[in-house]
Amino acid sequence: MNTDLKVLYIDDDKSFHNDIKELLAGEECCGYTLQIECTDSFETGILASSQYHLVILDLYRGQAMQGGENVGSNSYKEIQEKIFIPIIFFSGYPKDVAEL
């Protein structure tokens, strides 16, 4: 039995979207085939999250070292208040993830 595992990747940097799709889309894991969809809008991602089995979430809108806004933390909290869903953080700032 092979079924799709729907994954939503939320990152405002569109340059990562194709990389994530190329790396993960169609891969099989434990009898599931990964189906990857991407959005560059944290707000859209929050609204759509209940349609997925897993979320991969960036932390910053813009570049963190150049004054980027940490919207991922709030997005994480809003998604978790709405639905229980596993979230993987995709960030170059592990200290900020550890504080969640």
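Rings of Phe, Tyr and Trp (its six-membered ring) pair if their centres lie within 6.5 Å; planes under 30 degrees apart count as stacked, over 60 as edge-to-face and the rest as tilted. By this definition the structure holds three aromatic pairs. Y9 lies in strand β1 and F90 in the loop between β7 and α4 (94–98), so the pair ties together parts that are 81 residues apart in sequence. Ring pairs also link Y9, F16 and F90 into a cluster.

The model is predicted: local features need pLDDT of at least 70, side-chain atom pairs count only at pLDDT 80 or more, and totals for chains, interfaces and linings use all residues. Residues are numbered from 1 along each chain as its sequence is written, and side-chain values use heavy atoms, with hydrogens and water left out.

Helices (H or I, at least four residues) and strands (E, at least two) are DSSP runs, numbered from the N terminus. Y9 is buried, with a relative accessible area of 0%. F90 is partly exposed, with a relative accessible area of 35%.

The strands form a sheet. Two strands pair if DSSP finds at least two bridges between them. Five strands make an open sheet in the order β2-β3-β1-β4-β7, with mixed pairing. β2 (28–29) and β7 stand at the edges, each with a single partner strand, so one side of each is left without a neighbour in the sheet. Strand β1 covers residues 3–10. β1 pairs with strand β3 (residues 32–39) in the parallel sense, over eight bridges. Within that pairing, T3 has Y32 of β3 as its bridge partner. β1 also pairs with β4 in the parallel sense, over four bridges. Here I10 is the bridge partner of L57 in β4. β4 in turn pairs with strand β7 (residues 87–89), again in the parallel sense, over three bridges.

Strand β4 spans residues 54–57. In a regular strand the side chains alternate between the two faces of the sheet. In β4, L54 and I56 point one way and V55 and L57 the other way. All four are buried.

I88 lies in strand β7 and stands opposite I56. I88 is partly exposed, with a relative accessible area of 45%. Contact means heavy atoms within 4.5 Å. Leaving aside neighbours within four places in sequence, I88 is in contact with L54, V55, I56 and L57. I88 and G68 are 20 residues apart in sequence and 20 Å apart in space, C-alpha to C-alpha.

T39 is found in strand β3. At 12% relative accessibility, T39 counts as buried. Residues up to four places away in sequence aside, T39 touches L8, Y9, I10, D11, H17, T44 and G45. C30 is found in the loop between β2 and β3. C30 is exposed, with a relative accessible area of 73%. C30 has a positive phi of about 55°, although it is not a glycine.

Helix α3 covers residues 72–82, and G72, S73, S75 and I79 are buried there. Seen down the axis of α3, its buried residues fall within an arc of 160° (taken from the directions from the helix axis to the C-beta atoms), so they line one face of the helix. Their cover includes β1, α2 (42–48), β4, β6 (69–70) and β7. One of these buried residues is S73, at 10% relative accessibility. A polar contact is a pair of N or O atoms within 3.5 Å; within protein, one must be able to donate a hydrogen and the other to accept it, and residues adjacent in sequence count only if both atoms are side-chain atoms. The side chain of S73 makes such a contact with the side chain of N70, at 3.0 Å.

A charge sits over a ring if NZ of Lys or CZ of Arg is within 6 Å of the ring centre and within 35 degrees of the ring normal. The charged end of K6 sits over the ring of Y52 in this way, 5.2 Å from its centre.

Notes
Buried means under 20% relative accessible area, exposed over 50%, partly exposed in between (1.4 Å probe, protein chains only).
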